[in-house]
Amino acid sequence: DLLIIILVLGTIWSAGSAKTDTESAVRSVSLLYLDELAGRREQVVASNMQEKINVINTALELMNEEDLEDFEHLKSYQAKMKRMFTLQKFAFVDSDGQIYTSLGMQTDIDQYSFDYLNIEEPEISIKNLESADKQVIIAVPIDMSFLGKDLTVCFMEIDMKDMLSGVSMDNQEDGATFCNMYTSRGIALTNTVLGGIAQEDNLLEALKSAEYDTGYSYEAFLQDFSSSKSGEICFTYNGIKETLSYVPVTGTDWFLTYLIRESVISDSISSVSNGIITRSIIQMILTVLILIVMFLFILRQSRKNAKLILEKET
């Protein structure tokens, strides 16, 4: 009986330890996997941004004195640049805040976050940040004159979806990993938060209600976001275990994130672990049965030998 108890407890303990060790190993590999994915995708996004800045500089180099003769020549030049580089808008801003586009003048400079009077280097920002129709604005400082006006900024406007078309932001088919981008204020640039399961529409707000694993905290996460620092957090949101890796995008106040839904992985691990436990129990039962048969055989032989000895003595 003691041997059977030892075998049963030993089997259960070994299977449980194997499951724990497997989950720990998967967590470590997942973090490495997420960091690598996030880092590579951030490089692609940053490269795309720099490419757009280079597009503006190239377009300005193609400009000649004839393009600045009057409004019609300027609009024709802008329309040509839009077609050539597939842009939604290629515009100039003068020192009075007037916007010159290929379709005419605009006075909605207050919708743009760049400072047209004091911009000193290329800036990347978002127009309509709070809506689903987000536009990426890439602005560079210029110094030229047009009909007596000082032009201070040249900028392009691109739809966020078009901007990210070359960057795969699709989720994995198994529903385990999710790629997204957020501003430093937690606003999702792709209009989904935590893979679409969050009730809140802001990452920072959503993570307030999360339960964090040992070694992670909401305060540390906020500190990383405010200081544009990469990192990862492990937490449980609405009963679902998640790991989020985040990397700041160079030249912006954005973060590229990769989320892994550990419940999906844990289910796969559990099925494997349960199979291991089941096979271990079956093996243990077979071992116990063999031991019982051997014990009965030995007992029978012992009785038989004892009977023969008794008969001889008699």
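1. Buried here means under 20% relative accessible area, exposed means over 50%, and partly exposed is in between (1.4 Å probe, protein chains only). A salt bridge needs a side-chain nitrogen of Lys or Arg within 4 Å of a carboxyl oxygen of Asp or Glu.

2. A word on the source before going on. This is a predicted model, where local features need pLDDT of at least 70 and side-chain atom pairs count only at pLDDT 80 or more, while totals for chains, interfaces and linings use all residues. Residues are numbered from 1 along each chain as its sequence is written, and side-chain values use heavy atoms, with hydrogens and water left out.

3. So what does the side chain of D94 make a polar contact with? One partner is the side chain of Y100, at 2.7 Å, and the D94 side chain also reaches the backbone nitrogen of Q98 at 2.9 Å. A polar contact is a pair of N or O atoms within 3.5 Å; within protein, one must be able to donate a hydrogen and the other to accept it, and residues adjacent in sequence count only if both atoms are side-chain atoms. Leaving aside residues up to four places away in sequence, D94 touches Y100, Y116, K149, D150, L151 and T152; contact means heavy atoms within 4.5 Å.

4. D94 has its place in strand β1. Helices (H or I, at least four residues) and strands (E, at least two) are DSSP runs, numbered from the N terminus. Strand β1 (residues 89-94) runs antiparallel to β2 (residues 99-101), and two bridges join them. Two strands pair if DSSP finds at least two bridges between them. Within this pair, V93 stands opposite I99 of β2.

5. Now zoom out to the sheet. Its six strands follow the order β3-β2-β1-β6-β5-β4, the sheet is open, and the pairing is antiparallel. At the edges you'll find β3 (104-106) and β4 (123-127), each pairing on one side only. On average, neighbouring strands of this sheet are turned by 35° against each other, direction ignored. Helix α2 (residues 71-85) packs on the sheet, touching β1, β2, β3 and β5 (135-146), and its direction makes about 140° with that of β1. Axes are lines fitted to C-alpha atoms, for helices over the stretch in contact, and angles run from 0 to 180 degrees between N-to-C directions.

6. Have a look at β5, which is mostly covered: nine of its 12 residues are buried. Five bridges join β5 to β4, antiparallel, with I137 of β5 as the bridge partner of S125. Towards β6 (residues 149-159), β5 has 10 bridges, again antiparallel, and S145 has D150 of β6 as its bridge partner. The hairpin of β5 and β6 has two residues between the strands, and L147 in the turn has a positive phi of about 50°.

7. Where does E157 find a salt bridge? Its partner is K127, with the closest N and O atoms 3.7 Å apart. E157 lies in β6 and K127 in β4, so this pair ties together parts that are 30 residues apart in sequence. Both E157 and K127 are buried. K89 joins K127 and E157 in a network of salt bridges. The whole structure has six salt bridges.

8. There's another open sheet, with five strands in the order β7-β11-β10-β9-β8 and antiparallel pairing. Its edges are β7 (177-183) and β8 (211-212); each has a single partner strand, so one side of each is left without a neighbour in the sheet. Seven bridges pair β10 (residues 240-248) with β11 (residues 254-261), and P248 stands opposite F255 in β11. Helix α5 (residues 218-226) lies across β7, β8, β9 (231-237), β10 and β11, at about 25° to β10.

9. Last stop: D213 and K241, whose side chains meet in a salt bridge (3.4 Å, N to O). D213 lies in the loop between β8 and α5 and K241 in strand β10, so the pair ties together parts that are 28 residues apart in sequence. With a relative accessible area of 18%, D213 is buried, whereas K241, at 30%, is partly exposed.
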